[in-house]
Amino acid sequence: MEWKLERSASRRVKTDEDMLWEKVMKTLGKDLTQMRKQSLQKFTKTPDSGKPTYSRFKSCIMKKLTCSVPVASSPIVTRWQQTHARNHAEQTFTECQPINLFPADGSELVRTPEKISTTPVSFQVPIKNSTNEPYVITNAMARCHETTYLQERNKRRAETAKKRKCLPQLLMFQEGGFGIPENDSIKICGNTECIWKGCQNGMRNEFTAHRVSTNTESFMPLEPEVRLHITGLRNDYYLNILDWNQENLIAVALGSAAHIWNGETHRSTEGVNLNSNLKYISSVAWIKEGTCLAVGTSDGEVQLWDIETKKRLRNMFGHLSVVGAMSWNHYILSSGSRLGLIHHHDVRISQHHVGTFCHNKQSICSLKWSTNNKLLASGSSDGLLNIWPNDPGATVHCKPLKAIPHASAVKAMNWCPWQSEILATGGGMKDGFLRVWDVSTGKTIETTDTKSQICSLLWLPKTNELMTGQGLPKNQMKIWKYPTLTNSTDLYGHKGRVLHIALSPDSRIFSLAADGMACVWKYY
């Protein structure tokens, strides 16, 4: 009994103030409900029936849409207003006789109640002028609007389908003194008919050579042997998508396809096509003997292609990310990925994966076997240069012979053709230094500051020189005397950083820049 008394005593008793607030809230609720009912009845009230119908609702919306005041006080006529204007005009005005909507001069005919005149058509909603007289939209005008809209839409769809059907990469080039047959992928670059964006805008690359000497400095015009316009090039510093083999064939990867360009006949063909919009070719490498091309993809796959038959020989899996660099050592193909792993593939056997080097957790952006095939150099995005032994069967626990740190990414790298233990490296944007290393001792022979990003590098054996492809601010190619590393020549003309350069068997130079321009040079 005591427990029940305590529970009843603990209950809260309503005060006068609580009762007053409760009454006020009930009154407000009733008033709000009544106001909603009145507004709903006012909105749906019609002389014929008390219940709204769909036709009346649609008529109400139509009246609101045709009002002269723009929606939300916006001066811009929206697309749904244009559509309504066309539909409303078709429902309001009577059918007129068919007319010719396509005159010979290209203008469009608009039929008015008085006469037919050739005036430009523009989409407008019926609005009132200063005299409060609405502009009249005739049925012919509405049909003109609709016809023009459908034509533009069909044209856009046709262009989109054509782009999807054609290859996303178009290779065009210009040269003098050669007769070049045209095909679907290559067209001669003319001054007026070239469809390259740079030529349409009137841009012309002025190629000059700045020869540096101790006494004089002279500028001389320098025209490339062949000039090519390339579209579809990926402006990616960490890819290696250009290679020139002993058969005088150049492989250039553009998106999901690799184009093969013959340095002798100046003909271009599509050698490799992944037929996929979800992946792209991230690296290419020719085998030293023959026409077998190794292709690395963005999804970690390594493929071998026979260019003569245009057939894929085999697929080699193992990487889990972008294969950014590859290098051949006879029948051993080494590939590096962005996860920092280097895989060795023996292409003669079915179980191709024979060994792995673990460079680092950073991306492999350069990979080169030495000229005597005894050492493998690898550069990564974190600025680490590793020198590995010729041990394709090694495991991930194998350590490099030398580990040389740099201030930025080591992408530009190449072995000296006449000295097997000499390696040249170029620093990235935060570095910019050109260094020549003696890998047997791990010390630098010579160093020079290029004052810009070094994107590519190769040796010129006929002149015992080095060439570097530079980035901003001048995007030029520099030639350096070896071993003093004195700058002898600067080649200007590219508008973007020179991402890739390659050397032919007869010592010609192929340069490929981010501006979509590629050139073949003769330099002796």
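## Four-stranded sheet

In this predicted model, four strands form an open sheet in the order β15-β16-β17-β18, with antiparallel pairing. Strands are DSSP runs of E of at least two residues, numbered from the N terminus, and two of them pair if DSSP finds at least two bridges between them. The edges are β15 (323-329) and β18 (353-358), each of which pairs on one side only.

Strand β17 (residues 341-346) is joined to β18 in the antiparallel sense by five bridges. In β18, F357 is the bridge partner of I342.

## Largest pocket

The largest pocket has a volume of about 1,200 Å³. A pocket is an open set of points on a 1 Å grid over the protein atoms alone, where a 1.4 Å probe fits, with protein on both sides within 12 Å along at least five of seven lines; lining residues have an atom within 4 Å of a point. The volume is the space filled by probe spheres set on the points, which are joined across faces, edges and corners.

Of the 42 lining residues, D243, W244, K368, N414 and L503 are the closest to the pocket centre. Strand β15 is among the elements that each supply at least two residues of this lining, as are β7 (242-244) and β31 (498-503).

## Basis of the values

Residues are numbered from 1 along each chain as its sequence is written. Local features need pLDDT of at least 70 and side-chain atom pairs count only at pLDDT 80 or more, while totals for chains, interfaces and linings use all residues; side-chain values use heavy atoms, with hydrogens and water left out.
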